[in-house]
Amino acid sequence: MLLRMAQNYSNSTVLDTIYQARQTGRKLFVVLIDPDKANSSDLTGIIQKAKKAGVDLFFVGGSLMMENELSRCLDTIRTNSDIPSILFPGNPIQLNDKADALLFLSLISGRNSEFLIGNHVIAAPFLKKSSLEIMPTGYMLIDGGAPTTVSYISNTFPIPADKPEIAMATAIAGEMLGLKLLYMDAGSGAKNAISSEMITLVRQAVDLPIIIGGGIRTAAQAAQAAQAGADVIVVGNQLEENPELVYEMAKIVHSFSQPIERS
Ligand code: 1GP
């Protein structure tokens with residue numbers, strides 16, 4: 001694993017890659033792969049397209065896993081590309097050290113202690129021995145216009161879409177707690193993506209890299225999120241339906257790359 005990481009990204013970790021991108025203003029585009037949904041021919045096709053499109057990372061996971069496909073999915077990514085795979089787990093059974101890194105998610109928009117610390121305690125001994133790079137991430141569920149699987153499974157309320165100030169306060173708390181990334185998610189297949197207003201308010205309040213996902217269906221929406229201040233844009237559902245969109249989406253997200261101004 002160490003050898004592979006050295007080959008893939010010159011000894012830098014995935015977190016380094018994200019932080020360097022934030023530092024230089026380079027926007028990253030991520031494809032979310034749900035192992036349940038991707039059969040092997042689809043998956044190989046998506047991986048090939050992602051390589052051609054210059055996709056930066058794969059997130060792999062889902063809030064509910066019905067099939068035991070995670071391991072095969074990670075093998076397929078590893079065999080077919082050098083794009084790092086990052087676990088995006090809905091629960092502790094979705095851990096596998098065939099991935100490069102793990103979003104160690106704390107559901108800071110919710111008030112369910114199992115998703116704030118309980119599951120982390122269960123996973124910690126396994127993770128300590130694994131080769132996975134652990135990326136402490138404040139996960140904020142934002143209301144996307146309909147109940148989501150994450151909300152149901154985690155038994156938490158999302159932050160209302162019209163309360164950007166709650167998102168801002170939550171993000172500041174996450175940064176003060178020492179989390180390394182913020183992931184604001186409207187949930188897979190959300191009716192409404194997260195508003196530019198909310199992204200911008202959070203962007204102005206914290207320095208952490210911000211990941212935005214959930215309900216992004218068009219290149220224009222991906223561009224809006226990047227322009228509003230997202231550092232990393234994640235798309236899943238829409239690319240399962242229309243994999244060709246990956247070219248346009250990756251291109252437009254990368255086109256927003258610009259050095260950030262610091263005072
Ligand atoms: C969901 O942010 C991801 O957790 C991506 O959402 O599948 O709606 O693109 P979509």
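Biologist: Which residue in strand 6 is the bridge partner of Thr-137?

Modeller: In this predicted model, Thr-137 has Leu-181 as its bridge partner in strand 6.

Biologist: What makes strand 5 and strand 6 (residues 181-185) a pair?

Modeller: Pairing takes at least two bridges between the strands. Strand 5 and strand 6 are joined by five bridges and run parallel, so they count as paired.

Biologist: And how do you know that strand 4 (residues 101-107) pairs with strand 5?

Modeller: Same test: at least two bridges are needed, and seven join strand 4 to strand 5, again in parallel. Ala-101, for one, sits opposite Glu-133 of strand 5. Ala-101 also has Ile-86 standing opposite, and strand 3 (residues 85-87) pairs with strand 4 in the parallel sense over two bridges.

Biologist: Why is strand 5 (residues 133-141) called largely enclosed?

Modeller: Buried means under 20% relative accessible area. Seven of its nine residues are buried, so strand 5 is largely enclosed by the rest of the structure.

Biologist: Why is the unit of strand 4, helix 5 and strand 5 called right-handed?

Modeller: Point the strands away from you: a clockwise path from the first strand over the helix to the second is right-handed. Strand 4, helix 5 (residues 113-129) and strand 5 make a right-handed β-α-β unit, so their path runs clockwise in that view.

Biologist: What makes the strands a barrel?

Modeller: Eight strands close up in the order 1-2-3-4-5-6-7-8, with parallel pairing. Neighbouring strands of this sheet are turned by 30° against each other on average, direction ignored. Helix 5 packs on the sheet, touching strand 4 and strand 5, and its direction makes about 155° with that of strand 4.

Note on methods:
Residues numbered from 1 in each chain as written. Predicted model: local features only at pLDDT ≥ 70, side-chain atom pairs only at ≥ 80, totals over all residues. Heavy atoms only, no water. Buried < 20%, exposed > 50% of the residue type's maximum accessible area, 1.4 Å probe, protein only. Helix = DSSP H or I, 4+ residues; strand = E, 2+ residues; numbered from the N terminus. Axes fitted to C-alpha atoms, helices over the stretch in contact; angles between N-to-C directions. Contact = heavy atoms within 4.5 Å.
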